[in-house]
Amino acid sequence: MRNDTGRSGFIHPVPSEITPEAIYQTRRHVIRSLAAGSAGMALTAWGLREAHAQTPRAGQLAPLAAVPSAVPGALNMDRLTAYKDATGYNNFYEFGTDKGDPAKRAHTLVTQPWTVEIEGLVKKPGRVNLEDLMKWGAMEERIYRLRCVEGWSMVIPWIGYSLANLIKRVEPQPGAKFVEFVTQADPKTMPGLRGGALDWPYVEALRMDEAMHPLTLLAFGMYGEVMPKQNGAPLRLVVPWKYGFKSGKSLVKIRFTDKQPVSSWEKAAPQEYGFYSNVNPLVDHPRWSQATERRIGEDGLLAKKRKTLMFNGYEAQVGQLYAGMDLKKFF
Amino acid sequence: MRAALRHPASWWLLLAVGLLPLVWLLAQALQDQLGANPAEALIRALGDWTLRSLCVVLAVTPLRTWLGWPELLRFRRMLGLLCFGYACLHLLGYAWFDLGFEGAEMVRDIVKRPFILVGFTAFVILVALAATSSNRAVRWLGGKRWQWLHKSVYAVAVLAILHFWWMRAGKQDFAEVWVYAGLLAILLGWRVVRKLQRR
């Protein structure tokens, strides 16, 4: 096709020539960092640009500013999963069991006002508003691998702070050995509660040392913005070395106990889901292998699946939590 | 209607309609329209179409009797082979996209996941039926024996539902399973009732 605009002097850009916003933002950042630092520092910054700039916003929801995390292991360098995939393909049974259901149905979730109840063996129990809770720690961006027990994985830039900040603030009593997370269960807005797969509300739990680990994240957002409803707005847990279901969404209660809680999946199928549910390629699910995984969006139709890593690749950071434990027995 | 069914073009038209889902899936795959996990989407869609075509082929005889349209018999072999074709692609998709054609991996997976063994058994029966679908095979086996062999498609129906039910058991999401189970129960039940009435 001939596109003769020369005489009018009005030249149309071809769509493919328009720079996508994400790339344009990255360029601006590189230029800024070049301007700010010495040449050597700027080059280092450019080489580690993922580690020095917050992920560009997805442009869908309200922004949530954060600084890149300094916690060891918190900034994975794998390619990020596309926002569309991370928000369109996930499990959130409260909205249905199909992985497309949360994106279709979670718009009904009411996230304002939102309070979180802190109870059990703590010196400072109480109800906290979301707005106040968000001030209990400095917002950090953390790029974590997410491994679903079903055999697929993603890489997601979360925003939040270490759960340890909250735990220290509410001052657990000496007897508190476990932390239990209770999630929202509202039959009016969550059609999935009619399904029989699980008992509601969905409950998850961690051992105190797991909950205190700096990688355990209380997340309020992702991709530079507040948490999308289908991903567990307004706040959720992210425990990157455990299968995804351990990371409860839309938290309403955090309870400190002296006895090991029974999590929802453990209750539904104790022979298939243990309390720990650490990502472990050597311990299969009774019904399928956990040795490999499919990285969503990256591994094409014909690409081989990738090998699943011990503790999802966080063995250096969390391996010592389980020293001496038989991980086949405590799966 | 019956004249149209007798027209040679109707056979080709029905075949084309039967292949439409495949064309649609391939077009989506080529344009990257299969969502976040295209391998899973493709394997599951091919399984769905295997089950749907099985329902269609099992509906031929009840419809033929009920409507009094003997012409429908003309399409039965083609519909059966279409079902076999979707089953082949479903298995191929699993072996290729899920397991990368690794034989040892496949054996381990089949042992680990009984629902795959159930599906595979159904596939083996379908192979036997497809292999004996020609006129020559009917002559070679003799009508009685051929009919007896091809009644094993009822077993395929039961195994296919079990395969689907077991696959969904993890999430206890049986709504779709019951739809197909109900359809196939009607189609097989009709045959049982007729058999009893004839006695």
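**Notes on the model**

1. Of the 24 residues of helix 10 of chain B, the number buried is 2, so this helix lies largely in the open; here a residue is buried if 20 or more other C-beta atoms lie within 10 Å of its own, exposed if 12 or fewer, and partly exposed in between, with C-beta atoms placed from the backbone. Helices (H or I, at least four residues) and strands (E, at least two) are DSSP runs, numbered from the N terminus.

2. This is a predicted model, in which local features need pLDDT of at least 70 and side-chain atom pairs count only at pLDDT 80 or more, while totals for chains, interfaces and linings use all residues. Residues are numbered from 1 along each chain as its sequence is written, and chains are lettered from A and ligands numbered from 1 in the order in which they are written.

3. The length of helix 10 of chain B agrees with expectation, because its 24 residues should span 34 Å at 1.5 Å a residue and its end C-alpha atoms are 35 Å apart; the expected span is 1.5 Å times one less than the number of residues.

4. Helix 9 (residues 153-169) of chain B packs against helix 10 (residues 175-198) of chain B at an angle of about 165°, with the axes 10 Å apart. That makes helix 9 of chain B roughly antiparallel to helix 10 of chain B. Axes are lines fitted to C-alpha atoms, for helices over the stretch in contact, and angles run from 0 to 180 degrees between N-to-C directions; those under 35 degrees count as roughly parallel, over 145 as roughly antiparallel, 65 to 115 as roughly perpendicular and the rest as oblique.

5. From helix 9 of chain B, the residues B:Tyr154, B:Ala157, B:Ile161, B:Phe164, B:Trp165 and B:Arg168 meet B:Val177, B:Tyr180, B:Ala181, B:Leu184 and B:Leu188 of helix 10 of chain B, contact being counted when C-beta atoms, placed from the backbone, lie within 7 Å. The residues of this contact between helix 9 and helix 10 of chain B comprise 10 nonpolar, no polar and 1 charged, where Ala, Val, Leu, Ile, Met, Phe, Trp, Tyr, Cys and Pro count as nonpolar, Asp, Glu, Lys and Arg as charged, and the others, Gly among them, as polar.

6. Helix 3 (residues 38-67) of chain B also packs on helix 9 of chain B, their axes coming within 11 Å and crossing at roughly 155°. Helix 3 of chain B and helix 9 of chain B are therefore roughly antiparallel to each other. The contact is made by B:Leu51, B:Leu54 and B:Leu58 of helix 3 of chain B with B:Val156, B:Ala157, B:Ala160 and B:Phe164 of helix 9 of chain B, and by class it has 7 nonpolar, no polar and no charged residues.

7. Two cis peptide bonds in chain A, each with omega near 0°, deserve a look: one runs from A:Gln112 to A:Pro113, and the other from A:Trp200 to A:Pro201. A:Pro113 lies in the loop between helix 5 (101-105) and strand 2 (115-120) of chain A, while A:Pro201 lies in the loop between strand 6 (178-183) and strand 7 (203-207) of chain A.

8. Phi of B:Phe101 is near 60°, a positive value in a residue other than glycine. B:Phe101 is exposed, with 11 other C-beta atoms within 10 Å, and lies in the loop between helix 4 (76-98) and helix 5 (103-112) of chain B.

Key. Two residues are in contact if their C-beta atoms, placed from the backbone, lie within 7 Å.
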